[in-house]
Amino acid sequence: MLAVETWKCGSAARFPVRDLIAALLDGDGPAAYELAERVLLETRSRTAVFADLLHPAQAEIGNLWYAGRVSYADEVRAAVHVRRIVERLAPTPAPRPVRRGSRCVLAVPHGDPHDVGLMMLSRALEDHGWSTELVGPARGLADLPEIVLSRRPRLFGLSAALLPPLAQVEQAIAAIRQARVPVLVGGVAFNRRPDLWRRLGADGLGTDVRVGVVLAGRLGGR
């Protein structure tokens with residue numbers, strides 16, 4: 001198993017995270033996109049926009065909701081605008097992509113509607129040469145090993161904000177790893193319990209998009 005990696009970059013100081021939070025909570029989609037586009041032009045990296053701007057902003061809005069300072073409707077509206085930004089940002093191919101034919105399957109658990117983070121990871125991986133397939137939340141955990149076996153990817157990724165019973169997650173991970181496909185996990189449900197990925201038998205924890213890309217390369221892309 002890989003040790004969990006974290007990435008400390010001082011995002012709030014270097015990038016307009018606070019301005020983005022304000023735009024998202026105001027429902028100002030054009031202003032939010034303009035901020036993301038500005039960071040993309042400066043960094044020439046969608047991964048940087050995702051990891052250093054969008055992810056910190058979403059995490060802070062989640063914290064504000066948890067503290068009762070913003071409403072659930074505010075959080076949902078912000079997520080809608082973030083999704084639109086992710087869908088609109090242009091690709092930024094990495095100079096040193098993974099080897100040709102690197103393919104991964106990405107999924108969120110059944111009943112978990114929080115897939116924006118997985119969308120970010122998918123696009124960041126594609127910028128680094130991966131071919132990705134997203135399995136939507138309509139598919140149950142029990143279906144995932146069969147899907148992975150039929151696709152034969154180099155990597156499987158599971159992102160979760162809401163986890164099913166842990167025994168089911170552990171069983172699915174074990175079945176996928178038995179097929180010699182490494183498993184990378186991430187999302188709020190895993191980030192809030194940093195040792196959970198080890199307990200469930202995964203190969204690594206991507207605490208944000210950039211870390212996910214790095215670990216994906218180590219696990220299955222080289």
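Visitor: Which side chain has a polar atom 3.3 Å from the backbone nitrogen of Thr47?
Guide: That of Ser45. Bear in mind that this is a predicted model.

Visitor: Where is the place of Ser45?
Guide: Ser45 sits in the loop that runs between α3 and α4.

Visitor: What does Ser45 touch, not counting residues up to four places away in sequence?
Guide: Leu40 and Thr92.

Visitor: OK, zooming out. What does the domain assignment give?
Guide: Domain 1 covers 17-88 and domain 2 covers 103-221. Taken over C-alpha atoms, their centres are 23 Å apart.

Visitor: How much area do the two domains bury between them?
Guide: About 1300 Å², with 58% of it on carbon and sulfur atoms.

Visitor: Which residues of domain 1 lose the most area to domain 2?
Guide: Arg46, Thr47 and Arg83, which together account for 40% of what the domain 1 side buries. Thr47 is also the residue whose backbone nitrogen lies 3.3 Å from a polar side-chain atom of Ser45.

Visitor: Two arginines there. What does the side chain of Arg83 meet in a salt bridge?
Guide: Asp115, at 2.3 Å from N to O.

Visitor: And Arg46, what is its salt-bridge partner?
Guide: Asp127, with an N to O distance of 2.8 Å. That pair links distant parts of the chain: Arg46 belongs to helix α4 and Asp127 to helix α6 (residues 116-127), and they are 81 residues apart.

Visitor: How many salt bridges does the rule find across the interface?
Guide: Three between domain 1 and domain 2. A search of the whole structure finds seven.

Visitor: And how many residue pairs are in polar contact between the domains?
Guide: Five, counting pairs with both residues at pLDDT 80 or more.

Visitor: Changing topic: what does the pLDDT average over the protein?
Guide: The average is 90, and 93% of the residues score at least 70.

Visitor: Where is confidence lowest, and where highest?
Guide: Lowest in helix α1 (residues 11-14), with a mean of 56, and highest in helix α3 (residues 29-43), at 97. The pLDDT is below 50 over residues 1-10, although that stretch has 31 contacts in the model beyond near neighbours in sequence.

Visitor: How should coordinates be read where pLDDT is low?
Guide: Not in detail.

Notes
Residues are numbered from 1 along each chain as its sequence is written. Side-chain values use heavy atoms; hydrogens and water are left out. Domain bounds come from an automatic or database domain assignment. Buried area is the accessible area (1.4 Å probe) that two parts lose on being put together, summed over both. A salt bridge is a side-chain nitrogen of Lys or Arg within 4 Å of a carboxyl oxygen of Asp or Glu. A polar contact is a pair of N or O atoms within 3.5 Å; within protein, one must be able to donate a hydrogen and the other to accept it, and residues adjacent in sequence count only if both atoms are side-chain atoms. pLDDT is the predictor's confidence in each residue, from 0 to 100. Helices (H or I, at least four residues) and strands (E, at least two) are DSSP runs, numbered from the N terminus. Contact means heavy atoms within 4.5 Å.
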